[in-house]
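Subject: Structure handover

Hello,

Please find below the structure I said I would pass on. My notes on what was found in it follow.

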Amino acid sequence: MENALEINGLYKHYDGFALQDVSFMLPRGVVMGFIGENGAGKTTTIKAVLNLIRRDAGAIKVLGLDNIAEERAVKERIGVVLEDGCFLNTLTARHVDVLMGKAYQSWQSEQFFRFMERFGIDRNKKIKDYSKGMRMKVSIAAALSHGAELLIMDEPTSGLDPVVRDEVLDLFYDFMQEDSHAILLSSHITSDLDKIADHITFIHQGRVLLSEPRDELLDTFGVLRCTAEQLSALEPSAMRAKRIGAFGCEALVRRDSVPANWPVEAANIEQIMLFLTRGEEQR
Ligand SMILES: Nc1ncnc2c1ncn2[C@@H]1O[C@H](COP(=O)(O)OP(=O)(O)OP(=O)(O)O)[C@@H](O)[C@H]1O
């Protein structure tokens, strides 16, 4: 089966910022965490996938379809949740149901209202009177109620409390019970990604620095705390990034390239992201 998403050589230039040769692949059956610091280019990439901005170069396939030439077919088969919410504040969940029914051939009202009941959301109340968590749940419920195979979400859990975040992650988990489904999820909340992401794509200053299965990433890299002398004795290829402080050095290292008796600790996604963003890069 074709990949859920393939981005090849995506370029987009703004004044003071550019996406440069962004390429990665999201296979079906996979939840991809799309991470990077503020302004790294996550939303710009997602907007290019959704054909909301004009790209300068590159090719994007969504569920095997060209995202521009076959835009209508693509829209029907993906669920989208954007950072700033998708619906007007004066609408109620009932209105959302009517609008979505017009927008999607395969809209499932019953499914949508089952979600509303599960979340205890009053279908007659206006969106502006919902809490932030409820608004996000309505957006996610809408994205999940038209038989989408791929969910594309820009920071769906940001600003939500840990209990609501967990409920939302449960929804994603349910969605992924179907093998052909996939999720692209941009997030700053690395603990959510620790729970749900199978694959991590990390973007920094408009370029993809890595795109790998999460377990491989965690197996490959570790954090070494050592002296400057020890650090300089290390093979350059063993080190991906380093930070040198007054009291010693820390380096993100390839575990298998460091002498076995050196103290290398497991790294989590947040540490890897911080090293690659703020550490002195070693290529
Ligand atoms: N329409 C635009 N015109 C000019 N610059 C833009 C435009 N949209 C985005 N940018 C710039 O592109 C850069 C990347 O922004 P983007 O929203 O893609 O980052 P992000 O990784 O999603 O960040 P965040 O995590 O803060 O949402 C930023 O410097 C932003 O100012």
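Strand β6 (residues 78-81) and β7 run parallel and are joined by four bridges. Across that pairing, Val 80 stands opposite Ile 152 in β7. On the residue numbers, note that the model is predicted.

β7 also pairs with strand β8 (residues 182-186), again in the parallel sense, over five bridges. There, Asp 154 stands opposite Ser 186 in β8. As for burial, five of the five residues of β7 (residues 150-154) are buried, so the strand is largely enclosed by the rest of the structure. Leu 150, Ile 152 and Asp 154 point one way from β7, while Leu 151 and Met 153 point the other way. In a regular strand, side chains alternate between the two faces of the sheet.

A separate set of strands forms an open sheet of four, in the order β2-β1-β4-β5, with antiparallel pairing. The edges are β2 (17-26) and β5 (65-66); each has a single partner strand, so one side of each is left without a neighbour in the sheet. Seven bridges hold the antiparallel pairing of strand β1 (residues 5-14) with β2. Within that pair, Glu 6 stands opposite Met 25 in β2. Helix α1 packs on this sheet and touches β1, β2 and β4 (57-62). The direction of α1 makes about 115° with that of β1.

The ligand comes next. Its surroundings are Tyr 14, Asp 15, Phe 17, Gly 36, Asn 38, Gly 39, Ala 40, Gly 41, Lys 42, Thr 43 and Thr 44. Helix α1 (residues 42-49) supplies the largest share of this shell, three residues. Sorted by class, the shell has six polar, three nonpolar and two charged residues.

In helix α3 (residues 93-103), the buried residues are Ala 93, Val 96, Asp 97 and Met 100. These cover an arc of only 100° around the axis, which puts them on the same side of α3. What they pack against is α4 (109-118) and α5 (132-143).

Most residues other than glycine have a negative phi. Leu 63, although not a glycine, has a positive phi of about 50°. Leu 63 lies in the loop between β4 and β5, and it is buried, with 22 other C-beta atoms within 10 Å. Gln 205 is not a glycine either, and its phi is positive at about 45°. Its place is in the loop between β9 (199-204) and β10 (207-213). Is Gln 205 buried or partly exposed? Gln 205 is partly exposed, because 15 other C-beta atoms lie within 10 Å, and a residue counts as buried at 20 or more.

The last item is Val 258, in the loop between β13 (248-254) and β14 (264-266). Val 258 is buried, with 20 other C-beta atoms within 10 Å. Leaving aside neighbours within four places in sequence, Val 258 is in contact with Leu 224, Leu 234, Ala 238, Val 253 and Val 264. Of these, Leu 234 is 24 residues from Val 258 in sequence and 7.3 Å from it in space, C-alpha to C-alpha.

Regards

Terms used
Residues numbered from 1 in each chain as written. Predicted model: local features only at pLDDT ≥ 70, side-chain atom pairs only at ≥ 80, totals over all residues. Near = placed C-beta within 6 Å. Helix = DSSP H or I, 4+ residues; strand = E, 2+ residues; numbered from the N terminus. Nonpolar A, V, L, I, M, F, W, Y, C, P; charged D, E, K, R; others polar. Pairing = 2+ DSSP bridges. Contact = placed C-beta atoms within 7 Å. Axes fitted to C-alpha atoms, helices over the stretch in contact; angles between N-to-C directions. Buried ≥ 20, exposed ≤ 12 C-beta atoms within 10 Å, placed from the backbone. Arc of directions from axis to C-beta.
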